[in-house]
Amino acid sequence: MYNILIVDDEQKIRELIRKYAEYEGHTVFEAADGREAVMKCRDNNYDIIIMDIMMPELDGFSACREIRKTSGTPIIMLSARGEEYDRINGFELGVDDYIVKPFSSKELMLRIDAIMKRIRKPEDKRDVVKIEGLTIDFTGRMVYTDNVKIDMSPKEYDLLFYMIRNRNIALSREKLITEVWGYDFYGDDRTLDTHIKLLRKSLGIYNKFVVTLRGVGYRFET
């Protein structure tokens with residue numbers, strides 16, 4: 001069971017999530033705005049954070065940016081809007097998942113379980129792969145372009161590592177979503193497209209290896 005921090009200025013939302021989370025056996029803590037969330041994260045350790053975007057004092061994006069300076073705790077972002085900009089901004093800040101309001105509390109609980117199962121999986125056999133000026137360190141979970149370390153979101157690492165493990169193989173969109181996000185992922189294709197876009201941006205000139213297969217999916221081609 002997990003220690004969950006719920007961050008939302010709407011008390012009814014916090015109460016709704018608390019009800020389902022505690023029913024599942026989790027311990028719940030609350031913060032009414034981003035500033036309070038940042039302060040709580042400095043003094044306490046949580047297994048996962050559920051945070052709204054639009055809040056007084058400090059919005060969710062700004063709070064996430066501050067929390068990420070000292071903590072890698074998984075964050076699920078809540079929003080009343082579904083614009084691609086919000087999704088991309090959140091993922092670039094290191095958000096692990098994104099849910100648009102109104103949402104199903106049961107779905108939220110499933111997404112929490114999916115994230116926690118993934119981060120607690122034993123790591124695969126570790127090694128280092130070099131492709132031209134691109135270095136992928138599976139051991140340290142690091143990526144370098146021309147010997148310069150690049151920072152990516154957790155899901156960008158997962159996506160890149162999986163594609164490299166299966167390089168030169170056509171990977172359908174369904175296959176990528178299933179293998180990288182899990183069988184119980186409740187998102188849609190836009191999540192994959194957003195992360196491919198972010199991954200290409202992170203890889204710079206080496207984004208040439210990520211090839212789009214029209215009507216199929218993608219391939220890491222070397």
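Helix H6 (residues 154-165) and helix H8 (189-203) pack at about 85°, and their axes lie 10 Å apart. That makes H6 roughly perpendicular to H8. The word has cut-offs: angles of 65 to 115 degrees count as roughly perpendicular, under 35 as roughly parallel, over 145 as roughly antiparallel, and the rest as oblique. On the H6 side, the contact is made by Lys-155, Glu-156, Leu-159, Leu-160 and Met-163, while H8 brings Leu-192, His-195, Ile-196, Leu-198, Leu-199, Ser-202 and Leu-203. By class, that contact has eight nonpolar, two polar and two charged residues.

Before going on, a word about the model. It is a predicted one, where local features need pLDDT of at least 70 and side-chain atom pairs count only at pLDDT 80 or more, though totals for chains, interfaces and linings use all residues. Residues are numbered from 1 along each chain as its sequence is written, and side-chain values use heavy atoms, with hydrogens and water left out.

Helices (H or I, at least four residues) and strands (E, at least two) are DSSP runs, numbered from the N terminus. Contact means heavy atoms within 4.5 Å. Axes are lines fitted to C-alpha atoms, for helices over the stretch in contact, and angles run from 0 to 180 degrees between N-to-C directions. For the classes, Ala, Val, Leu, Ile, Met, Phe, Trp, Tyr, Cys and Pro count as nonpolar, Asp, Glu, Lys and Arg as charged, and the others, Gly among them, as polar.

### H2 and its surroundings

At what angle do the axes of H2 and H3 cross? Helix H2 (residues 34-43) and helix H3 (residues 60-67) cross at roughly 15°, and their axes come within 9 Å. H2 and H3 are therefore roughly parallel to each other. Their crossing is right-handed, meaning that the near helix is turned clockwise from the far one by less than a right angle. From H2, Gly-34, Val-38, Cys-41 and Arg-42 meet Ala-63, Glu-66 and Ile-67 of H3. Sorted by class, the residues of this contact are four nonpolar, one polar and two charged.

Which residues of H2 are buried? They are Gly-34, Ala-37, Val-38 and Cys-41. Seen down the axis of H2, these buried residues fall within an arc of 100°, so they line one face of the helix. (The arc is that of the directions from the helix axis to the C-beta atoms.) There's a handy rule behind this: an α-helix has 3.6 residues a turn, so residues three or four places apart point the same way. On the other side of H2, Met-39, Arg-42 and Asp-43 are exposed. As for the buried residues, their cover includes strand E1 (3-7), strand E2 (27-31), strand E3 (48-52) and H3.

### H4

Helix H4 (residues 84-92) has a run of buried residues: Asp-86, Arg-87, Ile-88, Asn-89, Gly-90 and Phe-91. The buried residues of H4 pack against H3, strand E4 (75-79), strand E5 (97-100) and H8. After H4 comes Gly-94, with a positive phi near 100°.

### Buried or exposed?

Buried means under 20% relative accessible area, exposed over 50%, and partly exposed in between (1.4 Å probe, protein chains only). Here are some residues sorted that way.

| Residue | Relative accessible area | Class |
|---|---|---|
| Met-55 | 11% | buried |
| Thr-135 | 13% | buried |
| Arg-141 | 35% | partly exposed |
| Glu-132 | 57% | exposed |
| Tyr-23 | 72% | exposed |

Met-55 sits in the loop between E3 and H3. Leaving aside neighbours within four places in sequence, Met-55 touches Val-7, Asp-8, Asp-9, Ala-32, Asp-33, Gly-34 and Gly-60. Thr-135, on the other hand, belongs to strand E7 (residues 134-137). Met-55 and Val-129 are 74 residues apart in sequence and 43 Å apart in space, C-alpha to C-alpha.

Tyr-23 is part of helix H1 (residues 11-23).

Glu-132, in the loop between strand E6 (128-131) and E7, has a positive phi of about 55° although it is not a glycine. Arg-141, in the loop between E7 and strand E8 (142-145), also isn't a glycine and has a positive phi near 55°.

Where is the cis peptide bond? It joins Lys-101 and Pro-102, with omega about -5°. Pro-102 lies in the loop between E5 and helix H5 (105-119).
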